[in-house]
Amino acid sequence: MASVHESLYFNPMMTNGVVHANVFGIKDWVTPYKIAVLVLLNEMGRTGEGAVSLMERRRLNQLLLPLLQGPDITLSKLYKLIEESCPQLANSVQIRIKLMAEGELKDMEQFFDDLSDSFSGTEPEVHKTSVVGLFLRHMILAYSKLSFSQVFKLYTALQQYFQNGEKKTVEDADMELASREESERKMEKEELDVSIREEEVSCSGPLSQKQAEFFLSQQASLLKNDETKALTPASLQKELNNLLKFNPDFAEAHYLSYLNNLRVQDVFSSTHSLLHYFDRLILTGAESKSNGEEGYGRSLRYAALNLAALHCRFGHYQQAELALQEAIRIAQESNDHVCLQHCLSWLYVLGQKRSDSYVLLEHSVKKAVHFGLPYLASLGIQSLVQQRAFAGKTANKLMDALKDSDLLHWKHSLSELIDISIAQKTAIWRLYGRSTMALQQAQLLLSMNSLESVNAGVQQNNTESFAVALGHLAELHAEQGCFAAASEVLKHLKERFPPNSQHAQLWMLCDQKIQFDRAMNDGKYHLADSIVTGITALNSIEGVYRKAIVLQAQNQMSEAHKLLQKLLIHCQKIRNTEMVISVLLSVAELYWRSSSPTIALPVLLQALALSKEYRLQHLASETVLNLAFAQLILGIPEQALSLLHMAIEPILADGAVLDKGRAMFLVAKCQVASAASYEPLKKAAVLEAAIENLSEAKNYFAKVDCKEQIRDVVYFQARLYHTLGKTQERNRCAMLFRQLHQDLPFHGVPLINLL
């Protein structure tokens, strides 16, 4: 289950998606690109309503905002954007810029003089207070402040800008004439290369205040909503370094650098950027201007709090505790209850392995409600539910608690916490072995739309919650033998969360586990052993457990037993009950495979008691299967059969396909063993029923491509058909067994005894 406290980072950049850059001294100035945009605006005003269709004008209006706010782009790219919206206007703009660039300086002077006419008259073309009007007024004012030498340099830059655009247009035309099919591929590569070079050139100079704010706002929004659309970590860091080169005191750029370094798990650079952010915030007086002297202390305590969160994220718990103590001390001196509540939440995160941590959490929720902090209160409820789920509380109580938190989410439009809540429900139902309910909750989350407004083309809800839900969805499909569907889900996960993104480890672990299970089912233990390395890198406990399973399958019983015993002690120490039960089941399997079923019984009973106590239905059903098999080996098939009848319903309802097959196979074995003392007619009927159960088990095993189990089933079927005198069916099963037996390795364990 994913941690629900990942969102407790203090993010001063974002307020309703807007970056507040309080410290940026560079104002707007005129550039050749902005002159080209002014020409576009002038042409739009001169063009009559009949000349441009309604759809073209709508597309042009949608294009204007990114052109006004975004960084400078090349003339060829600008032409292309205008042509996509209105080809006729693109031609007019191109002619006007050409006449200005190839004419004289007085043409540019005259153009700026004519711009003022846009505001004149009773019905002006542009309103002074509109977005376009403000842009025009800023440009006119900036141009009027230029000296003659600066105007001459601007005109020279305009000529160079035009010449570079013309060269690019001619190159594209020549490539298109050469060969259509080849040119498409080459143009894509060329445009990609040129766009990178052009971006480097365009961003090599200082950005204006509005451009910098727009750039930071856009990238921060993309990192939150759709990381794949944001710049790559290296490219973004390069742009931020360029930005900071011209203004080292731009605090928000340091914060975005901190978020960017978190993407690649760079602890040194992220700490460096975070400290620089708060240093610049204090030095520039941005906080104290708005909050008086209190702003200085506020920056210090939130700096310590963010540093504690950062250390906690990277597993540096001792450093996190020291930083948190510092934040608490400063917050208490300032009587800042909001900061203290954040500190209290992080105190729980640091001490959640302690037995009394729930007391701290309950206190945190009460205080958050008291101070009117719904976000923190909801996070506290989510954590409390998660803790109670691991403690084995009933599902109905947990769902009631989540329902109360959902009311808070919808009341305050906390979209991110709605996603977390549904992901929690998915994980809880999966933990309790209710796969159908888990599947329903995962699909509910995927079908939801975000409450936050994002730009068109940006994927919504690219958060940890979605990565968790999609991971559960892939594993649930794989458990039911739908490997093609699971592959599609994983493919979507890889596209939505690339390997360098911060949540990529979630789908990587799911992918490795599915590959491991398929390799084990197929009897390819050498392949499964190689996959264990990848699982261990992502989750050490899971990796050690899977390594023990491979050793056990390879009949290296003593090595597997040593590994399982060490893992059992460790899991009991950290209170990982789910893994403790899984390890106990593997230890019991080692005992009965070593012909010691009596030693396995106490271990299985311990596992069953734990699964019942913590309401882990899936593990309880698996334990009952192992208990029934132990009873079968001990010669009491009737009791084993009655035990199976009690446990088979939840297995068939919510169990994995492999468990269903094992259950039906075991039922057939128990039926045959119990029919040994029956009358011939009754015995024949029981054997027929056992053959039907074996056929059903074989179908289940075929779904997950479990060849070893299919081999055992057809062997058993051949023996039963021989007993019933059905020679043709016996020969068919015997032939199938021979084919499988030649393809698969044989490890010396009696086939009839395999579960």
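Me: Which residues does Val713 touch, not counting residues up to four places away in sequence?
Reply: With contact taken as heavy atoms within 4.5 Å, Val713 touches Phe665, Leu694, Lys698 and Phe701. This is a predicted model, in which local features need pLDDT of at least 70 and side-chain atom pairs count only at pLDDT 80 or more, while totals for chains, interfaces and linings use all residues. Residues are numbered from 1 along each chain as its sequence is written, and side-chain values use heavy atoms, with hydrogens and water left out.

Me: Where is Val713, and is it buried or exposed?
Reply: Val713 has its place in helix α34 (residues 707–724), where helices are DSSP runs of H or I with at least four residues, numbered from the N terminus. Val713 is buried, with a relative accessible area of 0%; buried means under 20%, exposed over 50% and partly exposed in between, using a 1.4 Å probe and protein chains only.

Me: How far apart are the C-alpha atoms of Val713 and Ser695?
Reply: They are separated by 8.0 Å, with the two residues 18 apart along the chain.

Me: Switching to the largest nonpolar core, which members touch the most others?
Reply: Of its 60 residues, those are Leu493, Leu644, Phe665, Leu666, Cys670, Leu694 and Phe701. Helix α32 (residues 657–674) gives the most to this core, with eight residues. A nonpolar core here is a set of buried Ala, Val, Leu, Ile, Met, Phe, Trp, Tyr and Cys residues joined through side-chain atoms within 4.5 Å.

Me: And what does Leu644 touch?
Reply: Leaving aside residues up to four places away in sequence, Leu644 touches Leu625, Ala628, Leu666, Val667 and Cys670.

Me: OK, how do α15 and α16 cross?
Reply: The axes of α15 (residues 317–334) and α16 (residues 337–350) come within 10 Å and cross at roughly 160°, the axes being lines fitted to C-alpha atoms over the stretch in contact, with angles from 0 to 180 degrees between N-to-C directions. The two helices are therefore roughly antiparallel to each other, a label for angles over 145 degrees, whereas under 35 counts as roughly parallel, 65 to 115 as roughly perpendicular and the rest as oblique.

Me: Last topic, which phi does Asn555 have, and where is it found?
Reply: Asn555 has a positive phi of about 65° although it is not a glycine, and it is found in the loop between α26 (540–553) and α27 (557–574). Asn555 is partly exposed, with a relative accessible area of 28%.
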